[in-house]
Amino acid sequence: MNNEYKPALLIVDFQEDFCPPNGALAVAEGRSIAPIINDLLRLPFVQKIATKDFHPPDHVSFASNHPEPHNKPFKSFVTIPNPNNIDETQISRLWPVHCVQGTPGAELIPELDISRVHMVIEKGQDARVEMYSAFEAPFRNPVVKEASTGLAQSLRNAGVTDVFVVGLAMDYCVRSTAIDAVAEGFKTYVIIEATKAVDPSEEGWGKTVKELESAGVSLVDLAGEE
Ligand code: VGL
Ligand code: ZN
């Protein structure tokens, strides 16, 4: 029983705003991974979950919600509360307005074979905090110290042992979700061909690979190459 292998697939933020040609925060070649993700969806994962970045218009991560000189998307950084510890702050990079609830940019891209997805999780709904990870709750409740979205529990309820993370963006939400999956006790993989980065430079990609590997995430390659 303990050796049972029960994999889950997490498809992170495969949304219009993260895809060319019109996405507000388009990740280069973001749309191109749809066929690979759809092939993965045909495999017998016990849970197939898609996440959506799903922000209110006044979200703290939008550069336009900050005064000069902090209102430069991609270039500005601000200090905001840490969702997992209300007494701590974290540095957050600011972005163009993206994935606003109820707008076309927040929709999952139509290429994604949603008929094979069991559950869609919306995150980043609290205007006060950045939320890259699909596991993170908006704020840890100071009374019950609850810091999870329920995703980990839902995976555990399904008996999941291994989590495969794909989608966008490799250096932000895929990264944070995979690191949290390890922390939640799952054997965790990122599938290289099924993700793209905001910063695809060798330096940017390499830095994220190092961070994932040192957190205990395995990077796997469908083509069997390194
Ligand atoms: C993401 C930047 C801002 C992501 C979300 O899905 O990786 N990146 N919000
Ligand atoms: Zn976002």
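Q: What should I know about the numbering and the cut-offs?
A: Residues are numbered from 1 along each chain as its sequence is written, while chains are lettered from A and ligands numbered from 1 in the order in which they are written. The model is predicted, so local features need pLDDT of at least 70, side-chain atom pairs count only at pLDDT 80 or more, and totals for chains, interfaces and linings use all residues.

Q: How many strands does the open sheet have, and in what order?
A: Start with the terms. Helices (H or I, at least four residues) and strands (E, at least two) are DSSP runs, numbered from the N terminus. Two strands pair if DSSP finds at least two bridges between them. Here six strands form an open sheet in the order 5-2-1-6-7-8, with parallel pairing. Strand 5 (119–123) and strand 8 (218–220) are the edge strands, and each pairs on one side only. From one strand to the next, the twist averages 25°. Angles run from 0 to 180 degrees between N-to-C directions, and axes are lines fitted to C-alpha atoms, for helices over the stretch in contact.

Q: Which residue of strand 8 is the bridge partner of Val190?
A: Leu219 is that partner. Strand 7 (residues 187–196) and strand 8 run parallel and are joined by three bridges. Strand 1 and strand 2 also pair in the parallel sense, over four bridges. There, Leu9 has Lys48 of strand 2 as its bridge partner.

Q: Is strand 2 mostly buried or exposed?
A: Count neighbours. A residue is buried if 20 or more other C-beta atoms, placed from the backbone, lie within 10 Å of its own, exposed if 12 or fewer, and partly exposed in between. In strand 2, seven of its seven residues are buried. Both faces are covered: Gln47, Ile49, Thr51 and Asp53 lie on one side, and Lys48, Ala50 and Lys52 on the other.

Q: How do helix 3 and helix 4 cross?
A: Angles under 35 degrees count as roughly parallel, over 145 as roughly antiparallel, 65 to 115 as roughly perpendicular and the rest as oblique. The axes of helix 3 and helix 4 (residues 202–215) come within 9 Å and cross at roughly 10°. That makes the helix 3 direction roughly parallel to that of helix 4. Residues are in contact if their C-beta atoms, placed from the backbone, lie within 7 Å. Among those making the contact are Met170 and Ile179 of helix 3 and Thr208 and Leu212 of helix 4. By class, the contact has six nonpolar, two polar and three charged residues.

Q: Which peptide bonds are cis?
A: Most residues other than glycine have a negative phi, and most peptide bonds are trans. The bond from Glu68 to Pro69 is cis, with omega near 0°. Pro69 sits in the loop between strand 2 (47–53) and strand 3 (77–82). The bond from Leu168 to Ala169 is cis too, with omega near -15°. Ala169 is in the loop between strand 6 (162–168) and helix 3 (170–183).

Q: Where does Glu29 lie, and what is its phi?
A: Glu29 is not a glycine, yet its phi is positive, about 65°. Its place is the loop between strand 1 (7–12) and helix 1 (34–41). Glu29 counts as exposed because it has 12 C-beta neighbours inside 10 Å.

Technical notes:
Contact = placed C-beta atoms within 7 Å. Nonpolar A, V, L, I, M, F, W, Y, C, P; charged D, E, K, R; others polar.
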